[in-house]
Amino acid sequence: MLLDRSRTGRSGRRDRDDPIVNRWALLAVPPIAFLVAFFLIPLIVVSLRSVTDFPRPAGDALANYGRFFDSAANVRVLGNTFWVAALSTVVCLALGYPYAYLMNIVRPRLAGLLLIAVLLPFWSSLLVRTYAWQVILRDTGIINTFLLDMRLIDEPIPLIRTTLGVMLGMSQILLPFMVLPIYAVMRRIDPEYTRAAANLGAPPFAAFRRVFLPLSLPGVLAGSLLVFVLALGFYITPALLGSPKDTMISQFIASAVQQRLDWGIGSTMAVILMGLTLTVLFVASRFIRLRDVFGSFEES
Amino acid sequence: MTSWRRTFPLVTAGLLLVAACGGGASPSPTSAPPETTAPESAAPESAAPVADICTNPPKAEGTTLTFASYGGAYQEAQRKGWLEPYSALTGVTFQESEDSSNATIKAQVEAGQVTWDIVDVGNDFGLDAQADLLEPLDYTKIRKDEILDGFASTYRVADITYGVVLGYNTEKTGGQVPQGWADFFDTTKFPGKRGFWDYSAGGIFEFALLADGVAPADLYPLDLPRATAKLDTIKDDIVFWSSGAESQDLLGKGEVAMAMIWNGRAYSAKNIDNNPVEIQWNGQIVTADYFVVPKGTPNKDAAMDFIAWATCKENNAAPSKYIPYGPTNKLAKADPSKVAELSVSNINDTTAYFDDAWVVENAQLLEDAYQEWKTR
């Protein structure tokens, strides 16, 4: 199919190149087939389920959506989900931008070390890291035990089961997704620009703010979008490190699917989350080129 | 394993006796299916094959059964108590999954790819509501009349009993002994955090109502506004756990002073981890895990044979040698080393039971009330 379409779609001008291009295009067939079979079709099934699978006979195809919005807790948790995702994005940006900036100005060898350091969390499982945070943060954990033993505090300070705990756990996992796109964009900024600004009399901060920062914004937007969208789907970390107020919608989906076997409402929640995520991407696409977000590594 | 083998002739004789007497002495309720009344008229003939399956289950060399349970020490006890002896007797090979899940059963049945033959499930599964997913059990093989009342029904038969109990960390309670759920909710008398399973149908509402003075027999239908009002009184002190291992850790390390916990986990916290944990049996909920057979398994008959064998009084208590979970067969004798630690050995007038049918029927209601309370 790929072969046929590209052949008929092109003018005769580059006939000699076409077979080569097309043969390479064949490489895309397995991943595309994989995505269709294991991602697209299940996604369609899930969407269909949300309008066909009801625990009790329902006349209305949108009955599950009605059920979802009838529950105040569902709406509240959906709001939480976006709030926690936004907060993680801000935290990651606050940590990630200076980090990427540092990587950009130090010698290459040190930059390499910094890169390894930020990628380190990827080398252990999410679950292990989250349990490690529990051991560190809880009332009987390392920090509180130490402070209590030093008699610096009388009562354990609440670290776990707080939004702070969630932010620590999530930002550690998500930080690389912020740092790498920003770093990739920063590396493409010609140092001559800031130097020129300095030559023209701009103090260092003004040169940064008016020249470097605007040029790095595509990376900031890309990283923020990536972190935000990934954070929307989090569930184990807020469940283990957060309070009930940090509950995210994925926890509800898991509970509906695994415990109550109510796959209709589970699918409905998934479709709502997906719809809202796509809306975010759509709105974002008005401001940034999504290709930059998801293709920023190849050019660096 | 060896203990029941040694006593086997005695037990067999006893079984025949009990089957004969039990059938005659207690008139069956009118609702009982015809199979259970059959032994009355022809006790010798029909008792014989049943006794046979308990002590001499049919040989099935070459058959492979997939047994799914919850892993860990629990499944190890089931393996040593049931799977290994049954393999030795019949030649059946067992494949095991350690991730029993109602959702997986549903997925397998819906996809028509049933690979689990016998599944150990919790008390919220196996009712008529799941008729589409399960094979009716073969009560011509399984001795329903020997199973605890209410613990055997069309699609499920209980394989072990356990208690959802109040566990407390003696270091955190400072020598005082909490007497029941009212003390659990009294953070003035007993300072410290409280652990609850993060599940709407796991017992949290039941315990709140017991603490508020509701009698065990009057729990259902659950008064949810009353339960959530009671829970509100300690809401800021609650730590939610989502796995048995987590509850064992939270209570053992003293992150919480008291926890709603499964009695086997409290036992492990004390006896395996050597942490200062005790159980208050008052107000426990006695419940069970159940065997079910997913609909469409190609090994249905062999699965029924195994279930019948494992719920026989000779065999049913075998895992209790390794873990403090009790038998469901009324006539089975638990291992002496664990008798005192079993939920069923500690039943008193404060003991409660889940109304599984009500809970499953009202699952959505429970979940909505729970999440509304929890995330508020």
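Among contacts in chain A between residues at least 6 apart in sequence, 72% link residues at least 24 apart. The model is a predicted one. The secondary structure of chain A consists of 16 helices and 0 strands. Of the 300 residues in chain A, 32% are buried.

Chain B is divided by the domain assignment into domain 1, which comprises 2-23 + 64-161 + 289-345, and domain 2, which comprises 163-287 + 346-374. Taken over C-alpha atoms, the centres of domain 1 of chain B and domain 2 of chain B are separated by 27 Å. To the contact between them, domain 1 of chain B contributes 14 residues and domain 2 of chain B contributes 16 residues. On the side of domain 1 of chain B that touches domain 2 of chain B, the residues fall into 8 nonpolar, 4 polar and 2 charged.

The contact between the chains involves 18 residues from chain B and 20 residues from chain A. On the side of chain B that touches chain A, the elements giving two or more residues are α6 (102-111) and α15 (363-374) of chain B. The most is given by α15(B), with 7 residues. By class, this side of chain B has 4 nonpolar, 7 polar and 7 charged residues. For the side of domain 1 of chain B that touches domain 2 of chain B, the corresponding figures are 8 nonpolar, 4 polar and 2 charged residues.

Terms used. Residues numbered from 1 in each chain as written. Chains lettered and ligands numbered in written order. Predicted model: local features only at pLDDT ≥ 70, side-chain atom pairs only at ≥ 80, totals over all residues. Domains from an automatic or database assignment. Contact = placed C-beta atoms within 7 Å. Nonpolar A, V, L, I, M, F, W, Y, C, P; charged D, E, K, R; others polar. Helix = DSSP H or I, 4+ residues; strand = E, 2+ residues; numbered from the N terminus. Buried ≥ 20, exposed ≤ 12 C-beta atoms within 10 Å, placed from the backbone.
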